[in-house]
Amino acid sequence: MTGLAVNIDHIATLREARKASYPDPVAAALVAELAGADGIVCHLREDRRHVQDRDVRLLRKVVQTKLILEMAATSEMVGIALDVRPELVTLVPESREEVTTEGGMDLIVHNKSIAETIGALQNNGIPVSIFIDAEPEQIKLAHQAGADMIEIHTGTFCEANGSARRRQAFDKIVDAAKLAKKLKLGVNAGHGLCYNSIKAFKGLSEIDEYSIGHSIVARAALVGMERAVRQMRELIDAL
């Protein structure tokens, strides 16, 4: 069964907008698990704009499925990951100027440092995924760097204007997923996926899990977290 990992970053974004104690992303994670999530994703950013260290440590204590920590490949974050010990680390590019992660990791530029980070985590029993664009060269480099899996950046497809551009972007995702499987990498996908765009992935069995956050949190503001997660769970089960 294809998995659903629910990203709770933007529950924390709402909390930090008022620097309040609520809504609590840890509570949201528990509800998401009860509603059928196969994992919980959080991104501890260098600037701590949404998820805080406290959140990560509490999530580690209460998450019953699996905890996926998104992070930059820095010595600070490696230290936190080794202390918290999530079930999976996903390495992502990070810029203070961006609103959210804007694209995949460029392994042509960062291949050596990424390989070193992967080794440090794997040597301590933590599997590693890399968030990358749907480009063959990037996937091959992820494999060479020793990653256990990749997460394909789906934002280009989700944000494409016009059917031709959407089809082109989707075809690249399909090719990327198939190549990754040939290289025996696990394949996750995420960024920008919503209740409509997820339907395009029907039949793409190479994808093991979808990582979805913003659209679920946005719907949860209207219908509640449990219902929002269940609705996405049902759509993924139908793929």
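Modeller: Two rings of Phe, Tyr or Trp count as a pair if their centres lie within 6.5 Å. The model discussed here is predicted.

Biologist: Which residues form one aromatic cluster?

Modeller: A search of the whole structure finds four aromatic pairs. One of them joins Phe170 and Phe201, with 5.1 Å centre to centre and 75° between the planes. The cluster consists of Phe157, Phe170, Phe201 and Tyr210.

Biologist: How many residues apart are Phe170 and Phe201, and where do they lie?

Modeller: Phe170 belongs to helix α8 (residues 163-182), whereas Phe201 is in the loop between β7 (186-190) and β8. Their pair thus links distant parts of the chain, 31 residues apart.

Biologist: Is Phe201 buried or exposed?

Modeller: Buried means under 20% relative accessible area. Phe201 has a relative accessible area of 0%, so this residue is buried.

Biologist: Why is the pair of Phe201 and Tyr210 edge-to-face?

Modeller: Planes over 60 degrees apart count as edge-to-face. The ring centres of Phe201 and Tyr210 are 5.5 Å apart and the planes are at 75°, so the pair is edge-to-face.

Biologist: Against which elements do the buried residues of α9 pack?

Modeller: In helix α9 (residues 214-223), the buried residues are Ser215, Ile216, Val217 and Ala220. The elements they pack against are β1 (3-7), α1 (9-18), β8 (209-212) and α10 (225-237).

Biologist: Over the face of which residue does Arg219 lie?

Modeller: Arg219 is placed at 3.6 Å from a ring centre. The ring is that of Tyr195.

Terms used:
Residues are numbered from 1 along each chain as its sequence is written. This is a predicted model: local features need pLDDT of at least 70, side-chain atom pairs count only at pLDDT 80 or more; totals for chains, interfaces and linings use all residues. Side-chain values use heavy atoms; hydrogens and water are left out. Buried means under 20% relative accessible area, exposed over 50%, partly exposed in between (1.4 Å probe, protein chains only). Helices (H or I, at least four residues) and strands (E, at least two) are DSSP runs, numbered from the N terminus. Contact means heavy atoms within 4.5 Å. Rings of Phe, Tyr and Trp (its six-membered ring) pair if their centres lie within 6.5 Å; planes under 30 degrees apart count as stacked, over 60 as edge-to-face and the rest as tilted. A charge sits over a ring if NZ of Lys or CZ of Arg is within 6 Å of the ring centre and within 35 degrees of the ring normal.
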